[in-house]
Number of protein chains: 4
Amino acid sequence: MATQAPSRRLLNEAQEAEIQEARGVENRTRRVSVPALEEILYEPIPVLDHGFIRVVDYMGDDSAIVQSARVSYGKGTKQTRGDAGLINYLMRHRHTTPFEMCEIKFHVKLPIFIARQWIRHRTANVNEYSARYSVLDKEFYIPAPEHLAAQSTTNRQGRGDVLQGADAARVLDLLREDAAHCYENYEQMLNERHDGSTIEEGRAGLARELARMNLPLNTYTQWYWKCDLHNLLHFVSLRADPHAQYEIRAYAEAILETLKRWVPVTTAAFTNYVVEGTQLSGAALRVVRGLIAGETPSQEDSGLSKREWEELMAVLDRKA
Amino acid sequence: MATQAPSRRLLNEAQEAEIQEARGVENRTRRVSVPALEEILYEPIPVLDHGFIRVVDYMGDDSAIVQSARVSYGKGTKQTRGDAGLINYLMRHRHTTPFEMCEIKFHVKLPIFIARQWIRHRTANVNEYSARYSVLDKEFYIPAPEHLAAQSTTNRQGRGDVLQGADAARVLDLLREDAAHCYENYEQMLNERHDGSTIEEGRAGLARELARMNLPLNTYTQWYWKCDLHNLLHFVSLRADPHAQYEIRAYAEAILETLKRWVPVTTAAFTNYVVEGTQLSGAALRVVRGLIAGETPSQEDSGLSKREWEELMAVLDRKA
Amino acid sequence: MATQAPSRRLLNEAQEAEIQEARGVENRTRRVSVPALEEILYEPIPVLDHGFIRVVDYMGDDSAIVQSARVSYGKGTKQTRGDAGLINYLMRHRHTTPFEMCEIKFHVKLPIFIARQWIRHRTANVNEYSARYSVLDKEFYIPAPEHLAAQSTTNRQGRGDVLQGADAARVLDLLREDAAHCYENYEQMLNERHDGSTIEEGRAGLARELARMNLPLNTYTQWYWKCDLHNLLHFVSLRADPHAQYEIRAYAEAILETLKRWVPVTTAAFTNYVVEGTQLSGAALRVVRGLIAGETPSQEDSGLSKREWEELMAVLDRKA
Amino acid sequence: MATQAPSRRLLNEAQEAEIQEARGVENRTRRVSVPALEEILYEPIPVLDHGFIRVVDYMGDDSAIVQSARVSYGKGTKQTRGDAGLINYLMRHRHTTPFEMCEIKFHVKLPIFIARQWIRHRTANVNEYSARYSVLDKEFYIPAPEHLAAQSTTNRQGRGDVLQGADAARVLDLLREDAAHCYENYEQMLNERHDGSTIEEGRAGLARELARMNLPLNTYTQWYWKCDLHNLLHFVSLRADPHAQYEIRAYAEAILETLKRWVPVTTAAFTNYVVEGTQLSGAALRVVRGLIAGETPSQEDSGLSKREWEELMAVLDRKA
């Protein structure tokens with residue numbers, strides 16, 4: 001489970017009051033509205049130790065996808081296919097433009113090193129809290145002990161076993177100490193504490209746009225992030241994948257939960273065709289045909305690399 | 001004035017009933033809602049002889065821009081600057097990302113040769129009625145007589161005087177006849193009339209994806225088109241410009257009217273900084289400084305081309 | 001085969017001379033250069049009856065992909081993995097950014113109704129010959145008889161059998177006559193023939209931006225089109241697909257041939273993983289596992305629609 | 001001046017050898033080639049204390065812009081206008097697509113907090129050195145004393161006076177110490193030194209993707225970055241602007257120098273129309289007209305804010 005119980009406060013009182021006020025509003029609209037999503041609108045969903053996502057606006061729903069597709073296909077699609085059938089058809093045939101007709105906006109709080117991965121998705125709109133203008137909060141990501149993975153020795157990208165005992169404790173100590181130390185010096189350079197008070201009257205503080213360079217990459221930042229549904233599903237397919245780094249996966253999984261509320265039919269199609277599906281290469285497809293025909297193809301003759309062979313056997317629930 | 005009185009029906013009865021039904025809906029939402037825009041939601045606004053735009057969905061308003069900008073600025077923002085002041089500031093300093101946080105969706109009916117210009121704006125989402133799947137309607141753009149401009153003799157791009165009398169009548173006749181003729185043969189090739197009836201039982205019709213190639217470029221098509229506010233303002237700045245072709249300008253001006261309802265503060269800033277504003281080159285700026293200092297700079301010494309000089313004098317309300 | 005023998009001249013003498021001149025140039029460069037692509041640089045490759053593609057510039061090659069990926073991987077990359085292995089790995093794991101580091105520019109001549117499909121690929125740069133400024137050439141796409149397909153009766157999108165005898169002849173006659181007729185009236189409205197001569201001295205011609213609306217959608221247009229390799233492969237995967245309309249498929253296949261010259265290792269990986277590969281949904285994967293285990297799953301129990309079941313059986317080379 | 005004398009080695013011996021080898025290559029090509037740019041191809045141009053940019057590939061030149069524009073405008077433009085005149089025209093009228101037809105690729109080394117600003121330009125292709133796979137180099141940006149600016153007291157965004165004496169020394173000490181300290185603990189967590197040696201045999205190191213979070217934002221990273229000329233000019237116009245942070249301005253100015261070599265005609269037009277030019281709002285334009293007419297408009301009546309008025313007077317070389 002990606003999200004964690006909000007054992008500690010995510011927001012200060014002023015922020016909570018602001019959210020409660022927004023949630024208290026009841027507007028009337030002729031636009032489509034999605035009650036299951038309205039229910040959690042504006043509410044922060046905790047991710048990692050200090051992070052969250054919260055839905056702050058949206059446009060469209062499953063029916064908007066169908067409506068847009070029907071402009072494309074005209075009367076032809078109207079009679080013969082139900083909405084779910086049409087959405088399945090669009091997902092299966094990579095007719096992606098109708099999914100672009102829905103839009104969602106999140107407020108996200110996340111560690112900077114994860115923000116750097118996230119921002120690589122270019123087809124989205126972003127407004128980030130600026131450390132040129134403002135003083136960053138004193139909050140750092142410190143992994144939970146069960147996520148303190150060792151470097152994998154077989155895979156340069158992956159994580160190995162979880163660090164234990166003294167090794168784990170030492171890492172956590174170093175992370176905490178260095179973050180605290182760097183932040184303290186950040187305040188010293190600014191000559192300003194994060195509560196806005198001055199440290200030493202009359203001394204000039206370093207420009208904020210410079211002082212921030214002393215902060216470590218696990219410092220939390222936040223942004224508004226807006227994306228259409230097609231590109232959001234692409235984001236989720238890459239970032240909720242087991243190959244993705246755990247920390248961004250936690251955010252992708254929290255987003256996937258909000259999608260189930262917003263566009264349940266599309267999310268079900270996405271789960272079947274993408275999340276639970278697999279891409280077979282031409283060579284892999286030939287192996288599959290052989291297996292079905294009762295042959296016993298070998299990795300050596302298959303044209304697959306050893307790694308590909310192992311992955312194919314895993315997908316087929318067979319021992320390599 | 002871009003729009004025209006709907007002297008003739010834009011929609012058939014089924015379409016009108018559908019729109020009335022959509023307009024009759026009243027949903028509740030915690031999202032921001034814009035009453036002035038809700039008022040015209042779903043309603044077609046006539047453009048050209050058979051075209052229209054209609055707003056079918058939207059997300060955000062002026063306050064959403066401010067909200068997004070303040071994540072950027074956080075505590076650093078001068079709390080004294082009002083919303084309009086901040087929006088002016090953003091517009092003036094080309095801080096475009098907060099404007100990307102609003103989104104709007106239109107249903108547009110337009111002639112194909114205009115659709116070809118429109119689609120060049122790539123940062124938008126589109127679902128077009130497909131003539132691969134469906135039979136196109138029998139509707140063609142025929143210019144009003146006052147827009148039947150001659151080719152300019154001084155400017156390859158521009159229009160000259162309006163054609164008169166027999167010259168004008170002849171052009172209109174040719175356009176009407178060729179459109180009718182081509183459409184009739186389109187039906188013949190399909191072996192299907194636009195009401196869906198078969199022309200000759202038992203004869204195979206040409207594939208729709210092929211038959212459509214016989215239609216002229218003034219045939220109407222339609223699409224759903226979704227765009228964020230920043231990119232929409234860019235579209236309007238280029239397409240509501242006097243250099244733009246009249247027919248697309250008519251659509252851009254109709255869009256600008258809907259913007260006044262949706263985001264009045266932003267539209268006012270856009271009008272001041274972009275529509276009524278001007279870009280001066282370095283060389284033009286030197287001329288302006290000279291004029292203010294009471295000098296009499298000449299085109300020859302200015303580094304401006306003759307055309308640029310004339311345009312500058314026009315902008316300054318001076319005779320060239 | 002997508003391309004056709006250039007039985008007729010694609011270019012006039014001036015154009016051929018220009019191309020010969022460009023091909024005669026021999027510049028020196030420190031950039032990577034691809035001899036197999038240089039061989040055909042600037043030369044038109046015929047597509048359809050009057051169309052062509054020609055490569056007019058390029059940047060990078062297979063080694064540039066590897067180089068870019070190794071910045072990503074730096075010292076971390078296993079130095080033992082060869083270039084082909086790395087390119088296969090990138091393709092398989094959808095690490096698309098290194099493929100974006102290669103760029104290619106085409107000059108394309110194509111019918112307008114195909115240009116309208118093509119332009120939907122937004123991640124590309126385009127300069128189209130403008131019929132606002134210039135008079136379009138008198139050239140129209142008339143399908144070869146073997147591509148004169150009837151509308152499919154089972155599939156709204158597809159083509160059925162090829163029209164025969166009198167039915168085919170009649171369609172070809174109508175297409176030819178209407179194109180000729182519309183073009184003649186286009187010239188009349190312009191009061192200018194396509195060779196630039198005036199039809200009737202002293203009469204004002206209609207503005208070009210208006211007169212063009214009388215031309216049919218099979219009129220040829222042309223553009224410069226520039227795209228990075230990742231997005232080009234995406235274009236090819238969608239447009240060289242059997243579901244794509246024949247006419248755009250012809251262009252996509254011609255492009256694929258140029259890719260084999262330019263980036264042979266990438267093209268081989270693309271062929272294996274994408275062209276010859278297949279995407280299985282979760283439900284389809286469960287059927288495949290059952291078949292390998294010797295079970296006899298049925299469509300009814302599979303969760304697949306009838307159409308999906310048939311497609312899966314076809315992919316597996318089994319009778320449905 | 002943005003760049004600094006390479007008083008210290010930017011590259012290690014292996015990297016220098018690699019660059020010398022690339023520079024030694026002489027390929028033949030039918031493509032356009034730009035000798036002034038070839039001269040510096042692959043060579044690092046120093047920026048800040050450890051950073052650089054180097055051009056590693058390019059496509060097109062000024063003539064490619066003209067060629068692409070002439071496809072658009074047909075014969076019309078060929079005779080009447082020289083290449084420079086056409087490029088000026090395109091720049092002035094915001095006809096941006098021909099500039100998209102040129103492409104350039106840089107290898108850039110830069111501090112992470114600057115990389116975070118840079119990456120906001122989405123219309124570009126990027127491959128960054130990955131700290132998930134590899135150990136980052138032990139290099140940090142430490143500002144030169146003359147760039148150690150205080151926070152402006154009048155402008156939240158800007159820098160104020162330069163810190164002096166003990167204040168400056170203290171900031172530099174803190175930055176150096178914290179960077180060194182954090183990096184040492186990064187190695188400790190990895191159980192690996194940056195030269196690849198193991199610190200303590202038999203101890204499991206933390207995964208690289210996690211350990212990197214302990215590094216400060218002034219750590220250097222590097223990437224391959226590819227961009228078309230239109231979007232590159234947009235980047236330069238925003239980032240070489242006096243409002244931009246000094247550190248990214250240093251990179252933008254270095255890029256501008258390479259543009260002068262690559263596309264001198266375009267760079268001259270860009271300098272005149274954009275760098276030395278200015279955008280006047282409608283209200284500002286009315287003030288300018290008044291001044292030229294010998295009136296004495298006041299800020300109060302102008303509709304300009306105080307800040308806008310001051311900026312206008314500065315642009316006009318007048319006292320506010």
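**Chat about a two-chain predicted model**

Reader: In what order do the five strands of the open sheet in chain B come?
Author: This is a predicted model. In it, the open sheet of chain B has the strand order β2-β3-β4-β8-β5, with antiparallel pairing.

Reader: Which strands stand at the edges, and why is one side of each left without a neighbour?
Author: β2 (45–47) and β5 (125–128) of chain B stand at the edges. Each has a single partner strand, so one of its sides has no neighbour in the sheet.

Reader: What does the twist average?
Author: From one strand to the next, the twist averages 25 degrees.

Reader: How many bridges are there between β3 and β4 of chain B?
Author: Seven bridges, in the antiparallel sense, pair β3 (residues 51–59) with β4 (residues 103–111) in chain B. Met59(B), for instance, has Glu103(B) in β4(B) as its bridge partner.

Reader: OK, helices. What does α8 of chain B lie across?
Author: Helix α8 (residues 229–239) of chain B lies across β4 and β8 (220–228) of that chain. It runs at about 130 degrees to β8(B).

Reader: And which strands does α9 of chain B touch?
Author: Helix α9 (residues 246–262) of chain B packs on the sheet and touches β2, β3 and β4 of chain B. The direction of α9(B) makes about 35 degrees with that of β3(B).

Reader: New topic. How many residues of chain A are in contact with chain B?
Author: 45 residues of chain A, in contact with 45 residues of chain B.

Reader: Which element gives the most to that side of chain A?
Author: α3(A), with six residues. Other elements that supply at least two residues each include α1 (13–24), α4 (75–80) and β5 (125–128) of chain A.

Reader: How do the residues on that side divide into nonpolar, polar and charged?
Author: On the side of chain A that touches chain B, 17 are nonpolar, 14 polar and 14 charged.

Reader: In what sense do β1(A) and β1 of chain B pair?
Author: In the antiparallel sense, over three bridges, with β1 of chain B covering residues 27–29. Thr29(A) stands opposite Asn27(B) in β1(B).

Reader: Where does pLDDT stay under 50 in chain A?
Author: Over residues 1–7 of chain A, for which the model has eleven contacts beyond four places in sequence. Where pLDDT is low, the predicted coordinates should not be read in detail.

Reader: What is the mean pLDDT of chain A?
Author: The mean is 91, and 92% of the residues of chain A reach 70 or more. The model scores ipTM 0.93 and pTM 0.94.

Note on methods
Residues numbered from 1 in each chain as written. Chains lettered and ligands numbered in written order. Predicted model: local features only at pLDDT ≥ 70, side-chain atom pairs only at ≥ 80, totals over all residues. Pairing = 2+ DSSP bridges. Helix = DSSP H or I, 4+ residues; strand = E, 2+ residues; numbered from the N terminus. Axes fitted to C-alpha atoms, helices over the stretch in contact; angles between N-to-C directions. Contact = placed C-beta atoms within 7 Å. Nonpolar A, V, L, I, M, F, W, Y, C, P; charged D, E, K, R; others polar. pLDDT = per-residue confidence, 0-100.
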